[in-house]
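The stops below go from the whole chain down to one residue.

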Amino acid sequence: GDTLKPRKIVSTRGLTVDTSEYHPEPRVAAIVASHEHPEFIVNVKETGKVKLVDFSDLNNLKITTIDAALFLHDGGWEKTRRYFMSAANKSNQIAVIDSHDRRLVKLVDVGKIPHPGRGANFEDPEFGAVWATSHLGDASISLISTDVNSDKAWQVVRVLNGQGGGSLFLKTHPKSSNLWVDTPLNPDPEISQSVAVFDINQPDKG
């Protein structure tokens, strides 16, 4: 029957995207399944590379390697589930990966140490479809346009002011008009033990 025994083991060792320095033990920071192909999307943290692993034929394994940015961590899908929004923490960037065409679309500069969890998708009243991330290193919440038909696609179109740095996750829901942002690693106990709630229909009101 089915077991938890590995079917295939593949090394993540390789060269970093910036200086091509060899890294002997880079960590896997995130794995998600593609909605476009029989592939896993794998973030390799210290090398800054995203690997698209085609698991349809393990004996003839195909891996597409995409150069992104150092310190890749977590991330999530924008609303169409074609584009994977991957946080490169200490690079202060979000890597936009097109899972259909298997390519890097853009590196988007955001705030200090983005940490979105899966991020949050919603409709901004001015800019349409956006994906949001909060940050560990500052109070900002960056909203990135994910409307591929917009001239502002894959740009930060709005920055909300949160209650402080130290955020790990933010969430919303299709039936909710609120965006919820935590700050559990903020040094101020009052901030770390509270959650900021934004009205996504009136984001400028804070």
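Keep in mind throughout that the model is predicted.

**Stop 1: the two domains**

Colour 1–109 as domain 1 and 112–205 as domain 2. Their C-alpha centres lie 24 Å apart. Now show the contact between the domains: domain 1 puts in 21 residues and domain 2 puts in 18.

**Stop 2: the largest nonpolar core**

Select Phe 122, Ala 132, Ile 141, Leu 143, Leu 170, Leu 179 and Phe 198 and show side chains. In this core of 15 residues, these seven touch the most other members. Two or more core residues come from each of β11 (120–124), β12 (128–133), β13 (140–145), β14 (156–161), β16 (178–182) and β17 (195–199).

Centre on Leu 179. Which residues does Leu 179 touch, leaving out those up to four places away in sequence? Going along the chain, they are Ala 120, Phe 122, Ile 141, Leu 160, Leu 170, Lys 171, Thr 172, Ala 196, Val 197, Phe 198 and Ile 200.

There is also a second, separate core, with 13 residues. Select Ile 41, Leu 72, Ala 88 and Ala 95, which are among them.

**Stop 3**

Next come the empty spaces. Rolling a probe the size of a water molecule over the atoms shows where empty space is left.

How many cavities of 30 Å³ or more are there? The count is one. The largest cavity has a volume of about 50 Å³. To find this cavity, select Ala 139, Ile 141, Gly 162, Gly 164 and Val 181, the nearest to its centre among 13 lining residues. Colour the lining by class: four residues are nonpolar, eight are polar and one is charged. Ile 141 is a residue you have already selected, as part of the largest nonpolar core.

**Stop 4: the largest pocket**

Move on to an open space. The largest pocket holds about 490 Å³. Select Ala 120, Asn 121, Phe 122, Thr 172 and Pro 174; of the 21 lining residues, these are closest to the pocket centre.

Which strand gives the most to this lining? β11 does, with four residues. The elements giving two or more residues are β7 (72–77), β11 and β12. By class, the lining has eight nonpolar, seven polar and six charged residues.

**Stop 5: the second largest pocket**

Select Lys 8, Val 10, Phe 40, Val 42 and Val 53. They are the closest to the centre of the second largest pocket, out of 17 lining residues. The space here is about 380 Å³. β3 (28–33), β4 (39–44) and β5 (49–54) each provide at least two lining residues. In this lining, 12 residues are nonpolar, two are polar and three are charged.

**Stop 6: Pro 38**

Finish in the loop between β3 and β4, where Pro 38 is found. Is Pro 38 buried, partly exposed or exposed? Its relative accessibility is 38%, so Pro 38 counts as partly exposed.

Show the contacts of Pro 38 beyond four places in sequence: Val 53, Asp 54, Phe 55 and Ser 56. Val 53 also lies among the residues closest to the centre of the second largest pocket. Last, draw a C-alpha to C-alpha distance from Pro 38 to Asp 57. The two are 19 residues apart in sequence and 9.7 Å apart in space.

Note on methods
Residues are numbered from 1 along each chain as its sequence is written. This is a predicted model: local features need pLDDT of at least 70, side-chain atom pairs count only at pLDDT 80 or more; totals for chains, interfaces and linings use all residues. Side-chain values use heavy atoms; hydrogens and water are left out. A nonpolar core is a set of buried Ala, Val, Leu, Ile, Met, Phe, Trp, Tyr and Cys residues joined through side-chain atoms within 4.5 Å. Buried means under 20% relative accessible area, exposed over 50%, partly exposed in between (1.4 Å probe, protein chains only). Contact means heavy atoms within 4.5 Å. On a 1 Å grid over the protein atoms alone, a cavity is a set of points where a 1.4 Å probe fits but cannot get out, and a pocket is an open set with protein on both sides within 12 Å along at least five of seven lines; lining residues have an atom within 4 Å of a point. Grid points are joined across faces, edges and corners, and a volume is the space filled by probe spheres set on the points. Ala, Val, Leu, Ile, Met, Phe, Trp, Tyr, Cys and Pro count as nonpolar, Asp, Glu, Lys and Arg as charged, and the others, Gly among them, as polar. Domain bounds come from an automatic or database domain assignment.
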